[in-house]
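Biologist: I have just opened this one and would like a tour. Could you take me through it?
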Amino acid sequence: MNSTEAIRRIVTTACGAALMLAATACTTTTRQVTDTRPVMRNTAPSTMSELRIADTALDSGNFELATSLYEKAVQTDPKSVAGLTGLGNTLYAVGDFTRANVYYQRASQGDPNATAPLIGIARVAIHQRRFDDATATYRRVLALAPNDPLASAGLGAALDLSGDHAGAQALLRQALKANPGDPLLSVNLGLSLILAGNPREGANVLLDVTRYPAAPPQARQNLALAYGLLGNTEAAAEILSRDLPKASVQDNLRYYEIQRARMDQPAGNAANAVSSATTPARVAPVHTAPIQAASLR
């Protein structure tokens, strides 16, 4: 297994667990959304209010309620961009990317200038490893909505997956000037630096994100990756243990160890390089990127 494949396996494991945790963490909110339905019966909510409830249900992980409300909107108006996009989002959330893309395409045909379905189309393209298509679609979104943080974060991920780490970092830094402190942009910038072979600088970026209690799980997973590549397994283990069970933590630490052993770097381990005041720690670039350790949504 080469270094690229090893890194892909490291972050695929971490990112899958992070997504599972993100879904299970929302059960309380989902129950609250479900409990509001009897009240709404008496108030005869409009389609727009039902769509807002559907969006909240989707964000809370209540895919059944979200799907039901989005389908109702599409039954009322088969060309409803919000309804079609919402159905695409529910399918995307459960990993049915092919069917999600069908709804995104229908929504985009109904309104070619709507950015939400275009972002959905681009996200599906990334998961299907059609990086050129994703890049072109994200650039189309940014032409319609300059400096949009979600589109910028997605384009940065697409460029990283294509191996253009320098281009990704330039784009993300520019987007952060327009959207200071945006966590999606910061997470993807940190990951890009790690993949480009500079885990120390990537860790510094991610530390600024993870110090906040509401930091996304991807930030912690990527920070653990940076520390793991630098040889600081104790810090990596501590961070991983916040989101992952003990067995998964140990699996990731073993992957980090294998990856460090395979990396083509000067004599001396990466941990020693961190202590140098003049030379930033660098490892061999990795020409791939985790798809959802990078933030697409």
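Biologist: Is Arg 129 buried, partly exposed or exposed, and why?
Modeller: Arg 129 counts as partly exposed because its relative accessibility is 40%, where buried means under 20% relative accessible area, exposed means over 50%, and partly exposed is in between, using a 1.4 Å probe and protein chains only. This is a predicted model, in which local features need pLDDT of at least 70 and side-chain atom pairs count only at pLDDT 80 or more, while totals for chains, interfaces and linings use all residues. Residues are numbered from 1 along each chain as its sequence is written, and side-chain values use heavy atoms, with hydrogens and water left out.

Biologist: Where does Arg 129 sit?
Modeller: Arg 129 lies in the loop between helix 8 (115–127) and helix 9 (131–144), and its phi is near 60 degrees, a positive value in a residue other than glycine. Helices here are DSSP runs of H or I with at least four residues, strands are runs of E with at least two, and both are numbered from the N terminus.

Biologist: And what about the phi of Asn 147?
Modeller: Asn 147 is not a glycine, yet it has a positive phi of about 65 degrees. Its place is the loop between helix 9 and helix 10 (149–161), and with a relative accessible area of 39% Asn 147 is partly exposed.

Biologist: Switching to helix 5, which of its residues are buried?
Modeller: The buried residues of helix 5 are Leu 65, Ala 66, Leu 69, Tyr 70, Ala 73 and Val 74. They lie on the same side of helix 5 because they cover an arc of only 165 degrees around the axis, the arc being that of the directions from the helix axis to the C-beta atoms. On the other side of helix 5, Glu 64 and Gln 75 are exposed.

Biologist: Last one: what covers the buried residues of helix 15?
Modeller: The cover includes helix 14 (217–230) and helix 16 (246–262), and the buried residues of helix 15 (residues 233–240) are Ala 235, Ala 236, Ala 237, Ile 239 and Leu 240.

How values were computed:
Contact means heavy atoms within 4.5 Å.
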